[in-house]
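Here is a short report on a predicted model. Take the fold of one chain first, then the way the chains pair.

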2 protein chains.
Amino acid sequence: MHVLIIGAAGMVGQKLAQRLTTDGELQGKPIAAMTLADVVPAEGPFGFDGKLSIETADLSEPGAAERLIASRPAVIFHLAAIVSGEAELDFEKGYRMNLDGTRYLFEAIRLAHHADGYRPRVVFTSSIAVVGAPFDFPISDDFHTTPLTSYGTQKAICELLLSDYSRKGYFDGIGIRLPTICIRPGKPNKAASGFFSNILREPLVGEEAVLPVGDDVRHWHASPRSAVGFLLHAATIDLEKVGSRRNLSMPGVSATVGEQIEALRRVAGDRAVKLIRREPDEMIKRICAGWPPGFEATRARALGFAAESSFDEIIRVHIEDELGGNL
Amino acid sequence: MHVLIIGAAGMVGQKLAQRLTTDGELQGKPIAAMTLADVVPAEGPFGFDGKLSIETADLSEPGAAERLIASRPAVIFHLAAIVSGEAELDFEKGYRMNLDGTRYLFEAIRLAHHADGYRPRVVFTSSIAVVGAPFDFPISDDFHTTPLTSYGTQKAICELLLSDYSRKGYFDGIGIRLPTICIRPGKPNKAASGFFSNILREPLVGEEAVLPVGDDVRHWHASPRSAVGFLLHAATIDLEKVGSRRNLSMPGVSATVGEQIEALRRVAGDRAVKLIRREPDEMIKRICAGWPPGFEATRARALGFAAESSFDEIIRVHIEDELGGNL
């Protein structure tokens with residue numbers, strides 16, 4: 001079993017590589033080789049004793065996709081993308097990286113399929129940004145995709161391509177719409193959605209964090225551990241059961257900022273909550289208003305995808321996975 | 001006012017050009033120039049006394065889009081596409097013509113927008129093929145797009161691009177999902193959907209026609225006259241009222257084949273109905289099962305788009321427009 005991770009230098013890609021190393025197998029087969037590709041060299045997982053290749057590759061450059069699939073990996077995790085804010089600021093780069101790059105990958109696989117019957121499992125990370133306000137709440141599985149960002153548009157287009165290439169039998173694709181990952185490990189960042197993680201992660205280690213929106217903002221979350229779980233389940237699930245609709249909204253926890261803060265209080269006490277400083281930011285408030293509040297995710301749950309069931313659990317997962325289990 | 005029609009050699013393009021000539025104006029402004037573009041030379045409309053240009057152009061070829069918009073037409077009707085059956089048989093051609101061609105057009109407009117502020121109205125003909133079974137009936141405006149053909153996938157992708165380019169202000173786009181046009185004038189064709197027109201058009205002039213499916217097949221139709229009406233309304237409507245969701249399922253008539261036949265009986269009598277010969281075709285039956293039975297089209301109707309209200313009316317429109325009003 002040879003696994004290729006594209007976008008392996010990112011937070012989720014790194015956790016996925018480490019989890020695959022720990023598991024040692026995928027689809028019931030030992031992982032003999034792993035290729036980690038990204039625009040910068042990805043760190044290799046700790047303790048992998050198969051054949052490890054670290055590839056520096058930009059999918060949007062001609063020939064890159066062909067090179068990555070030359071050794072015919074059986075499972076491809078495609079996580080690579082530039083983020084929402086950058087895709088919005090640089091229209092051309094967003095379409096080049098997030099649309100053309102993915103299409104080049106799919107085309108390379110199609111041509112390999114015609115050449116030698118190659119037909120890998122392709123797990124594509126889509127995003128809840130494919131939907132756009134106004135919303136029902138919760139958003140049903142058959143709600144239309146009317147993205148309000150170029151990033152969401154690019155993800156929605158890639159979903160359509162993934163379905164069509166899969167329908168034609170060029171590969172076995174599945175797209176998973178990730179909730180906003182919370183709590184992201186690392187340092188606070190300036191992404192508009194960063195505060196969801198910041199206001200929990202920083203207070204948990206005694207640091208101050210800034211909250212730019214009101215307590216009533218409701219959004220959709222899952223932990224990094226769940227994200228990796230979704231990817232692994234997508235790589236192993238019987239696609240006959242998924243049917244022709246290959247893009248699934250993943251389960252998660254719908255919570256308001258106020259509910260997040262109360263979960264923090266239950267897990268870490270008032271002292272942690274007091275470290276949240278309110279600094280309203282009108283621009284971030286406006287951006288948030290376009291974000292989805294939550295999904296039914298009926299199909300994904302029925303197919304065995306599972307996330308946390310409360311924000312308390314999301315915080316506890318962070319304490320276990322990032323803080324060694326200690327507060 | 002300069003109007004560009006891309007795909008002007010097709011049936012709807014020809015009728016649109018003739019209607020614009022008859023009207024003499026669009027958006028309340030006289031039509032001083034009309035450019036008719038297609039991969040083959042389009043026939044010019046009868047009686048147009050403005051500046052007429054007939055352009056042979058394939059949008060999917062580099063430079064073609066730039067050339068077509070060089071004179072900065074204020075309204076662009078983009079009707080060009082290869083049809084569903086061909087896009088399904090020739091995967092590469094389908095994506096080249098139906099996706100890349102449209103994207104090149106949008107990109108050419110975007111670059112012109114950056115160069116000199118050009119911002120035309122773009123009316124894009126999408127299709128009900130953007131949805132795929134299983135369906136609700138009627139299909140609501142917020143039902144997701146899960147096409148089951150490459151053609152439908154390409155149209156759904158172009159819808160997403162149209163929305164994003166419009167949101168960014170590069171042009172003022174609107175996409176209209178046309179029902180299956182009925183009754184198509186001309187000769188019977190081998191398109192899987194051809195029988196919907198054939199079983200009415202041929203008997204109306206005393207010719208036999210073949211019906212390959214059962215009476216219970218339900219589908220969604222509007223006349224060629226309505227299609228032209230949709231295009232003109234889309235070219236003139238206040239887009240503020242449309243909002244950010246720029247792709248609209250057009251109104252139409254939902255009817256079973258049996259209901260179609262009873263309408264034919266009411267309009268043209270038993271003698272016409274007897275000319276329908278039943279020759280079941282399993283392949284066409286299977287294809288039909290994936291087609292949408294009808295749409296709510298609530299938003300389009302509220303925005304003033306109008307179609308026929310019965311199949312009898314669809315047949316009468318054909319008699320008026322194609323048979324000189326006489327049976």
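**Chain A**

This is a predicted model. Chain A holds 12 helices and 14 strands. Its radius of gyration is 19 Å, close to the 20 Å that the globule rule gives for 327 residues, so chain A is as compact as a globular protein of that length. Along the principal axes, the C-alpha atoms of chain A fill a box of roughly 60 × 45 × 35 Å. Buried residues account for 50% of the 327 residues in chain A. Now the contacts within chain A. Take those between residues at least 6 apart in sequence: 75% of them join residues at least 24 apart.

The same surface serves both copies, as 100% of the contact residues of chain A recur in chain B.

**The contact**

Chain A puts 17 residues into the contact, and chain B puts in 18 residues. On the side of chain A that touches chain B, helix H5 (residues 150–167) gives the most, with seven residues. The residues on that side of chain A divide as follows.

| Class on the chain A side | Number |
|---|---|
| Nonpolar | six residues |
| Polar | seven residues |

Note on methods:
Residues numbered from 1 in each chain as written. Chains lettered and ligands numbered in written order. Predicted model: local features only at pLDDT ≥ 70, side-chain atom pairs only at ≥ 80, totals over all residues. Helix = DSSP H or I, 4+ residues; strand = E, 2+ residues; numbered from the N terminus. Rg over C-alpha atoms; globule rule 2.2 N^0.38 Å. Buried ≥ 20, exposed ≤ 12 C-beta atoms within 10 Å, placed from the backbone. Contact = placed C-beta atoms within 7 Å. Nonpolar A, V, L, I, M, F, W, Y, C, P; charged D, E, K, R; others polar.
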